[in-house]
Every structure is written in structure tokens, then in C-alpha cells.
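User: I would like to go through this structure by question and answer. Please keep it plain.

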Amino acid sequence: MMKKLLFLSALIFMGFNQIQAQGDLKLGINGGLPVGDAEDFSNFQLGADIAYLFGVMNVIEVGPMLGYSVFFAEDIETGFGEMDTDDVSFLPIAASGRLGLGMAFLGLDLGYAVSLNEDGEGGFYYRPKIGVGLGIFSIIGSYQGISNNGENLSSVNVGLEFQL
């Protein structure tokens, strides 16, 4: 199942590459502090993403985004002693959009995050962000959320993005 999903994601990116040759490939890395329900089991989040954005107007870019996000689990102290929990990881597949404001930009990723844990469930993925472009790289601040059945795994992130 996972191999099929990764293969399908790769095909989507290659298709967008053929449709619009004027786009920009962007690779990003980020780290963050879990908030909300994620605070109960994790103390650090790490992520990476790749997006292919193309301009639809002078200040607007849109395109597909594929990422990886992991919430690192910490040992939890319970009435039954210390319990070791597994890291929780996701594969976000989303549409990405940006509004340019000079050197700065506002962005939003919306889609679905597929759980990479054996018995895990995915959920609605959203990531509003703000960034500053500094040539071939940008500094980005964002809030990432994955919602499912009333639970919300979220993090406040800072990261770097490189334009290829």
C-alpha cells in the first residue's frame, strides 16, 4: 500500500513538471514544538517537504506538495510505570499556495496526511505559513496541524526552504 502511494505521488509530481515548465521546485526542512494533543506524547517535531509551485499571477503561486513529518515520542510516566511510545509519522500530500508580498510571502498547504504507523490513521492536513525570501533560500515560520476524529496533532515550526 505504502509503495503504491509513494509511486502515485511521484507520478503526480512528474505530471505537473510536464504541464508547467515555468515552475519552481522547492525543498524544505523544518523543526518544531508540538502543541495541543501532540504535547501529550512528543516534545519535538521534524519535517521535510518538496513542492513544485508555478505562477498563476505575478504574486500568486500554486502547486502540489509532498512531505514527511514525524513527532518524536517521549517516554510517558503512568501509574503502571514508564511506558515507551512509538514515534508518530505522516506523509502529507497537499495543494500549496502562496501570495507574494515583496520579499515576504504568506502560504497555505491543504490536503491529507497519510499515517506511516502500522495501526495509525491519517487526517486532514493544514499548514499556514509566513516566510521571507533571501535569494535561493527562504526562512519560514508555520503552524502544522493534522486533524482526525476530534484530535489535532499540531506543531509550531521554523524552517529553511531551498529553491532549485
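User: In which loop does N149 lie?

Analyst: This is a predicted model, in which local features need pLDDT of at least 70, side-chain atom pairs count only at pLDDT 80 or more, and totals for chains, interfaces and linings use all residues. Residues are numbered from 1 along each chain as its sequence is written, and side-chain values use heavy atoms, with hydrogens and water left out. Strands are DSSP runs (E, at least two residues) numbered from the N terminus. N149 lies in the loop between β9 (137–148) and β10 (151–163).

User: Is N149 buried or exposed?

Analyst: Buried means under 20% relative accessible area, exposed over 50%, and partly exposed in between (1.4 Å probe, protein chains only). N149 has 68% relative accessibility, so N149 counts as exposed.

User: Over how many bridges do strand β3 and strand β6 pair?

Analyst: Strand β3 covers residues 60–73 and strand β6 residues 88–101. S69 stands opposite F90 in β6. The two strands, β3 and β6, pair in the antiparallel sense over 10 bridges.

User: Which side chain does a polar contact of 2.6 Å join to that of D109?

Analyst: D109 lies in strand β7 (residues 104–115) and is buried, with a relative accessible area of 0%. A polar contact is a pair of N or O atoms within 3.5 Å; within protein, one must be able to donate a hydrogen and the other to accept it, and residues adjacent in sequence count only if both atoms are side-chain atoms. The side chain joined to that of D109 belongs to S96.

Conventions: Two strands pair if DSSP finds at least two bridges between them. Helices (H or I, at least four residues) and strands (E, at least two) are DSSP runs, numbered from the N terminus.
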